[in-house]
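Have the structure open as you read, and let's begin at a single site.

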Amino acid sequence: MALSNLIFSIGLYNTFLIFLTLIIVYTCRFYYKYFTRENPLPGPLPLPFVGNIIDRGFDEFAEYTERMQKKYGDIFEIYFGSQKFIMLSKYEYIQNMFDHSLNSKYMRRIPYISGLDELDVAGKGIALNHNVNVWKFNRHFISRALLTPSFSKYSVIWTQNLVEEMMDYWKDGEDDDGNFITNIVEWSHRFTTDSITHFTTGMRVHAIEAHYNELLLSRNKKPRKSINDLKDATKFFKSIKTLVIGIYFFIIVPPFIRKYFPFLSNESKKHLQNRDWLFSKIDELIKSRRREIEYTPLNQPLRFDMLTSMLTAYTDRDICEVKYYDEVYTNRPLTDEEVRGNLWETFVAGIDTTANLFTFVVYFLDKYPNVLRKLRDELDLFFKKLGDRRLDLDCLSQLVYTEAIIKEIFRIYTPAPYTARNSTAKDIVAGLVWPEGTQYIINIHGINNNEVYWDEPEKFNPERWFNNKKSEKLMPHVVFGGGRRVCPGRKLSYIELKCMIALIYHKLDIELVVKDTPLKTKFVLIRAFPELNVRIKPRQNNI
Ligand code: HEM
């Protein structure tokens with residue numbers, strides 16, 4: 001009796017919570033939809049107002065803005081909760097924003113958002129940093145680690161090793177018919193996790209190996225004996241993903257609702273706990289590297305990676321020849337918090353982007369066998385000439401068709417379809433005067449698919465990179481943003497993608513398990529397939 005009473009009360013309580021949720025969600029929707037429009041930032045209205053992301057749904061934001069661009073044109077306004085954004089889909093409108101000067105009105109990406117302070121993710125690294133001087137200081141260390149020729153050379157060698165290691169796991173996982181059926185989204189994210197953590201810290205998380213062992217266990221097979229401690233590998237990998245969702249959550253959900261609303265306050269706690277765990281892991285790494293540097297005799301070389309370079313900057317053990325010197329801003333060693341900020345941001349920015357692009361490559365190559373055939377023609381010739389040699393930076397430049405495929409997928413379906421700018425002074429954009437503090441979304445996908453610039457933009461056609469009929473015209477390919485805040489990982493991502501495509505497609509067939517899988521992704525800051533199951537097997541025929 002007591003038990004049935006208890007069940008009844010829990011049921012009643014849950015119904016009440018669901019009811020309360022619905023009231024709050026619909027009140028928010030109603031408020032955002034009908035009232036925020038009445039009190040917008042001052043600006044040259046009226047522009048087409050297409051809606052609020054809260055009202056339109058998050059997952060399909062990219063598809064939604066694509067439809068709105070078709071309907072309303074290359075400039076319209078849209079709301080994220082209570083914040084108004086001007087969405088720009090024409091290159092001429094945003095050209096100014098890609099200014100290289102530090103005095104540009106567009107050095108900021110987003111305005112001050114208290115939630116990001118609460119999550120402790122703003123102002124430490126570069127992506128969400130408002131202070132131009134601190135941004136410049138930190139950005140220097142990321143650029144000098146990721147953009148030097150010696151880094152590019154090293155990244156080819158290391159990426160090749162990692163791709164081969166991953167392919168070994170795939171081979172090991174083959175069934176009796178030589179097939180390995182698996183979710184390529186998970187593998188490519190594990191791959192970029194191992195690669196980016198190694199490039200930035202000199203250490204590996206061993207996310208690939210942990211994934212393979214988990215797969216074996218889930219298939220009731222004995223896991224491979226590991227020489228690595230994999231205890232935290234998957235937790236670390238998942239924690240980075242959760243942090244991205246947390247950032248989105250703390251931007252969009254207002255503080256009051258985050259704190260006091262039953263489900264959302266739990267969600268908020270979960271994100272704060274996740275942040276604490278991830279940051280504590282990164283802090284442990286920083287501390288242990290500081291100790292290592294301290295105990296390495298002066299006549300012994302130190303490691304050469306971004307972490308060591310950040311920790312030794314402005315000390316007598318500085319490992320980098322290119323010194324940073326700023327006449328205005330204090331020249332000083334980085335704090336642990338700054339080092340941590342630069343590390344986690346590089347993880348976040350470098351894992352999902354490249355990983356998702358690779359999954360789009362798998363998708364498009366399955367859908368376009370003629371492109372796959374041409375790719376293989378190039379790869380067969382390339383590897384024949386290469387013989388027993390390993391890949392290097394010079395030879396990668398011969399893979400012109402491979403590069404055209406990457407460029408075309410970046411154009412037609414980039415994983416990062418938007419970036420943002422928050423102006424620090426009044427300006428004219430799209431022929432209209434806008435006040436200081438206006439928030440713009442640069443619709444990268446919209447520009448890259450705007451028929452003003454591209455012939456048949458909806459057509460997947462790598463050939464266009466060799467002979468575009470409109471080539472006298474501007475062909476803005478804005479994949480990595482632009483100006484001073486352009487993506488510092490752009491070279492690395494091309495290297496990773498070229499190595500992955502070349503090594504994998506030369507040796508293996510990768511087919512979608514469900515042939516007519518639609519190109520349907522989810523959007524949480526970037527665009528991703530929730531999963532994409534493929535059949536991997538040794539290459540069997542000549543295509
Ligand atoms: C498919 C690959 C990638 C794409 C499409 C991509 C795209 C972008 C875009 C659009 C931006 C904003 C730029 C702007 O606002 O002008 C950005 C910024 C950034 N990206 Fe990437 N990215 C990729 C790979 C990487 C990698 C591999 C790393 C690190 C190793 C990285 C690190 C960063 C960082 C740290 C920023 C912030 C820069 C700043 O605020 O100064 N990205 N990326």
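## Cys 487 and its loop

Cys 487 sits in the loop that links helix H18 (444-448) to H19. Please keep in mind that this is a predicted model. The unreviewed UniProt entry marks Cys 487 with the annotation "binding site".

Is Cys 487 buried or partly exposed? It counts as partly exposed because 19 other C-beta atoms lie within 10 Å, while a buried residue would need 20 or more. Setting aside neighbours within four places in sequence, Cys 487 is in contact with Phe 480 and Gly 481.

## Around the ligand

Cys 487 also belongs to the group that comes nearest to the ligand, together with Ala 349, Gly 350, Gly 481 and Gly 489, out of 29 residues around it. The largest share, 7 residues, comes from H14.

What classes of residue make up the shell? There are 15 nonpolar, 10 polar and 4 charged residues.

## The nonpolar core

H14 turns up again here. The largest nonpolar core has 115 residues, and Val 361, Val 362 and Ile 409 have the most contacts inside it. Helix H14 (residues 336-367) supplies the largest share of this core, 15 residues. Not counting residues up to four places away in sequence, Val 361 touches Ile 405, Ile 409 and Ile 501.

## Annotated transmembrane regions

According to the unreviewed UniProt entry, the annotation "transmembrane region" covers residues 6-28 and 240-257. Over residues 240-257, the model is 89% helix and 0% strand, with the end C-alpha atoms 24 Å apart.

Conventions. Residues numbered from 1 in each chain as written. Predicted model: local features only at pLDDT ≥ 70, side-chain atom pairs only at ≥ 80, totals over all residues. UniProt positions renumbered as here; feature names shortened; annotations may be inferred. Helix = DSSP H or I, 4+ residues; strand = E, 2+ residues; numbered from the N terminus. Core = buried A, V, L, I, M, F, W, Y, C linked by C-beta atoms within 7 Å. Buried ≥ 20, exposed ≤ 12 C-beta atoms within 10 Å, placed from the backbone. Contact = placed C-beta atoms within 7 Å. Near = placed C-beta within 6 Å. Nonpolar A, V, L, I, M, F, W, Y, C, P; charged D, E, K, R; others polar.
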